[in-house]
Amino acid sequence: MKIDSFEIRKINLPLVRPFRTSFSTQLHRNLLVIKLTTKEGIVGWSECVALSEPVYSPEYMDGALDVMQKFLIPKLFTREEVEPEEVKGLLGNYLGTNMARSAIETAMLDAKLRAENKSLAKFLGATKDKVECGVSVGIASSIDKLLEEVSGYIAEGYRRIKLKIEPGWDYEPVKAVYESWPTMPLQVDANQAYSRDDGALLAKLDEFNLLLIEQPLDEHDILGHAQLSKQVKTPICLDESIISVEAARDALELKATTVINIKPGRVGGYFESKRIHDLCVEKGIPVWCGGMLETGIGRAANLALAALPGFTLPGDTSASARYYQKDVTTPFVMEDGYLKVPTAPGIGVDPDMDYLDSITSEKILIEPS
């Protein structure tokens with residue numbers, strides 16, 4: 001592939017409702033949209049899922065933009081031709097840049113597959129044409145508000161509920177949701193909010209037959225997760241801790257997790273996501289696709305990944321309307337609890353350029369010097 005230019009946009013999308021986790025509250029989704037143009041005039045799209053602040057991971061939006069401008073993209077331009085499969089090897093020595101590298105790799109992959117008239121789903125080896133939808137529910141202002149929100153999602157047809165939790169907002173809200181919908185698959189996500197001393201507290205959640213407890217401890221505390229897994233019956237799932245196939249292999253070997261959440265941005269792209277998927281299939285470990293409040297651009301690519309055979313649990317691939325009044329692509333609409341996997345070349349969608357222009361606050365063009 002011969003790259004002509006990268007165009008990076010800062011965009012701002014208002015959320016349908018505030019989304020609160022144990023580490024932040026978001027009212028808008030600020031992110032980077034990347035447009036790659038090849039020398040042949042083929043365009044590839046992606047988005048960088050880094051948040052505005054380094055609270056979910058060390059990466060953040062302005063930092064990702066800076067590292068792409070100063071290091072990653074200039075390094076690509078030192079090669080006359082480069083393929084998306086080479087991105088990790090070429091750029092992997094720039095530490096803490098998984099989300100930025102994933103955005104670059106995905107835009108390149110989109111352009112390559114468009115040129116080959118092949119969908120991302122087919123390229124990755126997808127076996128499903130639709131993906132079962134779960135929904136992630138933020139921390140509410142009250143249990144009544146939580147039940148009202150969950151009730152709406154269940155009425156819309158979502159097939160799994162994930163509740164964000166933190167100390168002081170765990171047992172009672174989970175109990176209320178479980179007792180209201182005892183047959184609905186239910187899981188919780190702590191986003192690292194607990195400590196090793198909270199084993200007894202988290203073990204109280206065992207009575208609710210949860211699918212899993214996601215990332216209860218600090219991302220670096222693999223030993224703590226292994227110890228916690230001996231205290232609770234509910235499966236422990238790792239998210240923030242899994243930044244590569246090597247990290248996944250180590251966590252499984254140490255018995256720190258029995259379920260893995262795969263987020264392409266967090267692990268550095270779809271090639272690494274596929275490697276983690278294949279490892280887990282080999283070891284009989286279920287995986288599911290997490291979400292980062294993506295627009296339709298990122299959602300389309302995630303659906304292709306979630307259509308692989310090892311993704312046996314509903315992920316966070318919600319309909320566009322879960323987060324946005326208007327998406328940057330044709331909206332993804334849920335049908336009977338499923339989203340269709342795009343089949344058009346590349347990621348399978350194109351942005352609405354008029355709308356994208358209207359929500360763009362800054363546009364940076366990067367070309368070879």
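Tutor: Ile 143, Leu 146, Leu 147 and Val 150 of helix 5 meet Glu 172, Pro 173, Ala 176, Val 177 and Ser 180 of helix 6. Contact means heavy atoms within 4.5 Å. Helices (H or I, at least four residues) are DSSP runs, numbered from the N terminus. The residues of this contact divide into seven nonpolar, one polar and one charged. Here Ala, Val, Leu, Ile, Met, Phe, Trp, Tyr, Cys and Pro count as nonpolar, Asp, Glu, Lys and Arg as charged, and the others, Gly among them, as polar.

This is a predicted model: local features need pLDDT of at least 70, side-chain atom pairs count only at pLDDT 80 or more, and totals for chains, interfaces and linings use all residues. Residues are numbered from 1 along each chain as its sequence is written, and side-chain values use heavy atoms, with hydrogens and water left out.

Now the geometry. Helix 5 (residues 143-156) and helix 6 (residues 171-180) pack at about 40°, with axes 10 Å apart. Axes are lines fitted to C-alpha atoms over the stretch in contact, and angles run from 0 to 180 degrees between N-to-C directions. The two helices are therefore oblique to each other; angles under 35 degrees count as roughly parallel, over 145 as roughly antiparallel, 65 to 115 as roughly perpendicular and the rest as oblique.

Next, the wider setting. The largest nonpolar core has 87 residues. Among those with the most contacts inside it are Val 174 and Ile 260. Such a core is a set of buried (under 20% relative accessible area, 1.4 Å probe, protein chains only) Ala, Val, Leu, Ile, Met, Phe, Trp, Tyr and Cys residues joined through side-chain atoms within 4.5 Å. Its largest share, seven residues, comes from helix 12 (residues 296-306). A second, separate core of 35 residues includes Phe 6 and Ile 364.

Conventions. Buried < 20%, exposed > 50% of the residue type's maximum accessible area, 1.4 Å probe, protein only.
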